[in-house]
Amino acid sequence: MPGIVIVGVQWGDEGKGKATDLLGDRTDWVVKFNGGNNAGHTVVIGDEKYALHLLPSGILSPGVNAVIGNGVVVDLEVLFAEIEALNSRGIDTSRLRVSANAHIITHYHRTLDKVTERFLGKRMIGTTGRGIGPTYADKINRVGIRVQDLFDEKILRQKVEGALEQKNHLLLKVYNRRAITCDEVVDELLAYTDRLRPLVADTSLLLNDALDAGDVVVFEGGQATMLDIDHGTYPFVTSSSATAGGASTGSGVGPNRLDRIVGIVKAYTTRVGSGPFPTELHDEQGEWLRKRGFEFGTTTGRARRVGWYDAPITRYATRINGITDLVLTKLDILTGLDEIPVCVAYDVDGERFDEVPVNQTDFHHSVPVYELLPGWQEDISGVRVFEDLPQAAQDYVLALEAMSGTRVSVIGVGPARDGVIVRHDLV
Ligand code: IMP
């Protein structure tokens, strides 16, 4: 069972870092296949807390090979800042490899991300402002800069010049900003080439060889299903393929080598940025959940929007990704409630929808139909065996499992690395 994909089910921040970490001892390779430093994993090991934005969380497990795949967009400043921060805390990062085909986030991508958001006003996406969207747009428009371009200065200059020709028109004439010179971009990028060179590889070849040798390769998805460029709540999405198919295109590994698809889902729902969110809470219940679950962004520090669990979304994610196992995280956060509302369907202007509506307007107008499940009062953070959970907590998990169409294999009951109940091994 060597190829394992990990994807978020909802709108991100479900606790994927912890799941990859849980697989740690069995994992030989961890691959990031989409997104960039818009992600944020917090991993707690002992008393130490690590917040990673670009590097895959598997980098924290000794002996694991970490790969940044071709589907990722790389901000070199962030890459080397994270490497240095880990090295200074004694973490070895020498096993990191970066795809020669990954695209580079430059100064002008970050600038454009921020000015276009400001320009959108009320229609803003609420991006992380890290230059993700503009970098993917350049990739699709075939004017992007790739990692391998840094090793041929002539080519690099040509490409940056070509890209800036358009960008500077936009910056100057539409956004009223100063133009960016080719030299400042090229100089900034070339400053990293010596440090980057030893990391760069044909990562598709490395990963396929590893799978041939029987190694366990974990593909760690950034963001989540509802933020996927194709399957998410477009246009309030990120610009990459955050679903299981992206693991294949974003790493150069065939889909038939992906054996297990693990969906990470929180016991309630959160979202950062704009866009529809049917179960969102705007009252003190929401405040309570946000504080208890510590729902503030790892990357931006923004307070996350919070709401109850949405079963049709998990069912949708199971279908889109082909999820074989669910990891249900943060169950302990719900402790103390008398009753827990779970969204089982939507009401759209009087019509019942049992599945996520395909039409965006319907999803915007979806009012959740709730089922009330009994809560529990006991502290569950020390529980390690499913049957030791209070009956109501067991029933909550079993109800979610029945509604999702796939099994709940792991349950998170606390922030520590071992704060989990394993019902079925992931590998
Ligand atoms: P971008 O990825 O910066 O372009 O932002 C697009 C949307 O995705 C915004 O709503 C972001 O808040 C959201 N987003 C991006 N990365 C994450 C993440 O790691 N967790 C949650 N939301 C994210």
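This is a predicted model: local features need pLDDT of at least 70, side-chain atom pairs count only at pLDDT 80 or more; totals for chains, interfaces and linings use all residues.

Trainee: OK, ligand. Which residues come nearest to it?
Mentor: There are 16 residues around the ligand, and Asp13, Asn38, Thr128, Thr238 and Val272 come nearest.

Trainee: How does that shell divide into nonpolar, polar and charged?
Mentor: It has 6 nonpolar, 8 polar and 2 charged residues.

Trainee: What does the side chain of threonine 238 do there?
Mentor: One of its side-chain N or O atoms sits 2.6 Å from an oxygen atom of the ligand. On the ligand's nitrogen side, aspartate 13 has a side-chain N or O atom 3.2 Å from a nitrogen atom of the ligand. Glycine 126 comes in through its backbone, with an N or O atom 3.4 Å from a ligand oxygen.

Trainee: And how much of the ligand's accessible area does the protein cover?
Mentor: On its own the ligand has 470 Å² of accessible area, and the protein covers 96% of that.

Trainee: Switching topic: how much space lies in the second largest pocket?
Mentor: About 280 Å³. The pocket is lined by 16 residues, and the closest to its centre are His231, Gly232, Tyr316, Pro357 and Val358.

Trainee: Which helix gives the most to that lining?
Mentor: Helix 11, with 3 residues. Helix 12 (360-364) also supplies at least two, as does helix 11 (311-321). By type, the lining has 8 nonpolar, 5 polar and 3 charged residues.

Trainee: Where does the second largest pocket lie relative to the domains, and why?
Mentor: It lies between domain 1 (3-99 + 200-262) and domain 3 (264-422), because both give residues to its lining.

Trainee: What lines the largest cavity?
Mentor: Gly15, Lys18, Ala19, Leu22, Val327, Thr329, Val410, Gly412 and Val420. Helix 1 (16-23), strand 15 (325-329) and strand 19 (407-412) each give two or more residues to this lining. The largest share, 3 residues, is from helix 1.

Trainee: How do those residues divide by type?
Mentor: The cavity lining has 5 nonpolar, 3 polar and 1 charged.

Trainee: And which domains does the cavity lining draw at least three residues from?
Mentor: Domain 1 and domain 3, with at least three residues from each.

How values were computed. Residues are numbered from 1 along each chain as its sequence is written. Side-chain values use heavy atoms; hydrogens and water are left out. A residue is near a molecule or strand if one of its heavy atoms lies within 4 Å of it. A polar contact is a pair of N or O atoms within 3.5 Å; within protein, one must be able to donate a hydrogen and the other to accept it, and residues adjacent in sequence count only if both atoms are side-chain atoms. Accessible areas come from the Shrake-Rupley method with a 1.4 Å probe; for residues, only the protein chains shown count as cover. Ala, Val, Leu, Ile, Met, Phe, Trp, Tyr, Cys and Pro count as nonpolar, Asp, Glu, Lys and Arg as charged, and the others, Gly among them, as polar. On a 1 Å grid over the protein atoms alone, a cavity is a set of points where a 1.4 Å probe fits but cannot get out, and a pocket is an open set with protein on both sides within 12 Å along at least five of seven lines; lining residues have an atom within 4 Å of a point. Grid points are joined across faces, edges and corners, and a volume is the space filled by probe spheres set on the points. Helices (H or I, at least four residues) and strands (E, at least two) are DSSP runs, numbered from the N terminus. Domain bounds come from an automatic or database domain assignment.
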